[in-house]
Amino acid sequence: MDVQDHLDLVDWRRRVGDAYRLPSLEAWRGARDGLFRDHPQSPIPAPERASFGGLRWFPADPTYRVAARLQPADGARGHRRDARS
């Protein structure tokens with residue numbers, strides 16, 4: 001990997017992270033499709049990107065939800081039990 005490859009990889013990761021802050025599932029899917037189609041770090045071979053029509057997605061099901069309560073953390077690392085115990 002050369003320097004440009006490393007910079008492209010950092011950019012890919014940043015853009016993926018940015019996609020998770022988009023306001024809708026459709027926007028997230030569009031951002032992912034755009035990365036796969038246009039970004040130098042796309043896993044799609046460069047000659048095939050121009051014909052890439054997007055990833056195949058299952059339809060969104062708004063009834064599939066997980067109830068959760070989020071609490072702010074204090075930044076301390078939690079105690080993890082040893083897998084052998």
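**Aromatic rings and helix packing: a short walk-through**

Hi everyone, let me start with the rings: Trp12, Phe36 and Phe52 form one aromatic cluster. A pair here means rings of Phe, Tyr or Trp (its six-membered ring) with centres within 6.5 Å; planes under 30 degrees apart are stacked, over 60 edge-to-face, and the rest tilted. Before going on, please keep in mind that this is a predicted model: local features need pLDDT of at least 70, side-chain atom pairs count only at pLDDT 80 or more, and totals for chains, interfaces and linings use all residues. Residues are numbered from 1 along each chain as its sequence is written, and side-chain values use heavy atoms, with hydrogens and water left out.

How many aromatic pairs does a search of the whole structure find? Four. One I like is Trp28 with Trp57, which is edge-to-face, at 5.3 Å centre to centre and 65° between the planes. This pair links distant parts of the chain, 29 residues apart: Trp28 sits in helix 2 (residues 25–38), and Trp57 in the segment after helix 3 (46–49). Helices are DSSP runs of H or I with at least four residues, numbered from the N terminus. Trp28 counts as buried at 16% relative accessibility, while Trp57 is partly exposed at 32%. For those words, buried is under 20% relative accessible area, exposed is over 50%, and partly exposed lies in between, with a 1.4 Å probe and protein chains only.

Staying with Trp28, its contacts (heavy atoms within 4.5 Å) beyond four places in sequence are Ala19, Tyr20, Leu22 and Trp57. Asp18 is ten residues from Trp28 in sequence, and their C-alpha atoms are 9.1 Å apart.

Now helix 1. At the N-terminal end, Asp2 caps helix 1, with a side-chain oxygen 3.1 Å from the backbone nitrogen of Gln4.

Which residues of helix 1 are buried? They are Asp8, Asp11, Trp12, Val16 and Ala19. Because they cover an arc of only 135° around the axis, they lie on the same side of helix 1; the arc is that of the directions from the helix axis to the C-beta atoms. Val3, Leu7, Val10 and Arg13 are exposed on the other side. Helix 2 is part of what covers the buried residues of helix 1.

In helix 2, the buried residues are Trp28, Arg29, Arg32, Asp33, Gly34, Leu35 and Phe36. They pack against helix 1 and helix 3.

That brings us to the largest nonpolar core, with six residues: Trp12, Val16, Leu35, Phe36, Ile44 and Phe52. Such a core is a set of buried Ala, Val, Leu, Ile, Met, Phe, Trp, Tyr and Cys residues joined through side-chain atoms within 4.5 Å. Helix 1 and helix 2 each supply at least two of the core residues. Ile44 contacts Phe36, Arg49 and Phe52, leaving aside neighbours within four places in sequence.

Last stop, His39, in the loop between helix 2 and helix 3. Is His39 buried or exposed? Buried, at 5% relative accessibility. Beyond four places in sequence, His39 touches Asp8, Asp11, Trp12, Arg15, Gly34 and Arg49. A polar atom of the His39 side chain also lies 3.0 Å from the backbone nitrogen of Gln41.

Notes: Polar contact = N/O pair within 3.5 Å; in protein donor to acceptor, adjacent residues only side chain to side chain.
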